[in-house]
Amino acid sequence: MAYLKPAWFTAQVFNRIAMATGIAGTETLTLTARSGRPQRIPVISVEADGARYLVSTRGESQWVKNIRANPAVTLASRAGTCRYTASEVPVADRSPILAAYRVKAGKTVDGYFAALPDPADHPVFALIPCPLMASVPRTKNGHPPKICATCGRTFEWRKKWARDWEAVR
């Protein structure tokens, strides 16, 4: 399998900023490396056919090898943290998921797909929620975040909305 190694700046600087800010819809994937240490990387998950998926745009990366060794993962975003079990999707079933991913991630991933055009070069994992502690929403003053009806982004409780938080959309 092929692999596109990220530049030093991407691996050491940009990935940390992406995980801290959630830029471009990134979420933090936490998994257990084969060494036993936790590994944290920014990812963009995609929903297709009612399921959630992870796509490795750079090919056979270390996190892909680690998930194959230990499929228990945690995905954290501004809305909360969820635990999943990852299951690799067969190559024949990847095309619609990769198409949905390319639409969601935008032009930032076009270069990876140009360099690695074969769907077999992009491992895809279905995320199956774990029944125990599947979702741990982050709360602010006891209020879970909401999703904006206009733009679809999550937002948190604000003091100025204290009187009518239930009506805020």
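Two strands are said to pair if DSSP finds at least two bridges between them, and helices (H or I, at least four residues) and strands (E, at least two) are DSSP runs, numbered from the N terminus. The model is predicted, so local features need pLDDT of at least 70 and side-chain atom pairs count only at pLDDT 80 or more, while totals for chains, interfaces and linings use all residues. Residues are numbered from 1 along each chain as its sequence is written, and side-chain values use heavy atoms, with hydrogens and water left out.

In helix 3 (residues 95–105), Ile97, Leu98, Tyr101 and Ala105 are buried, where buried means under 20% relative accessible area, exposed over 50%, and partly exposed in between (1.4 Å probe, protein chains only). Because these residues cover an arc of only 95° around the axis, they lie on the same side of helix 3; the arc is that of the directions from the helix axis to the C-beta atoms. Among the elements that cover these buried residues is strand 7, through contact, which means heavy atoms within 4.5 Å.

Val124, found in strand 7 (residues 124–129), is buried with a relative accessible area of 0%, and touches residues including Ile97 and Leu98. Val124 and Val89 are 35 residues apart in sequence, and 5.5 Å apart in space, C-alpha to C-alpha.

Key
Lists of a residue's contacts leave out its neighbours within four places in sequence.
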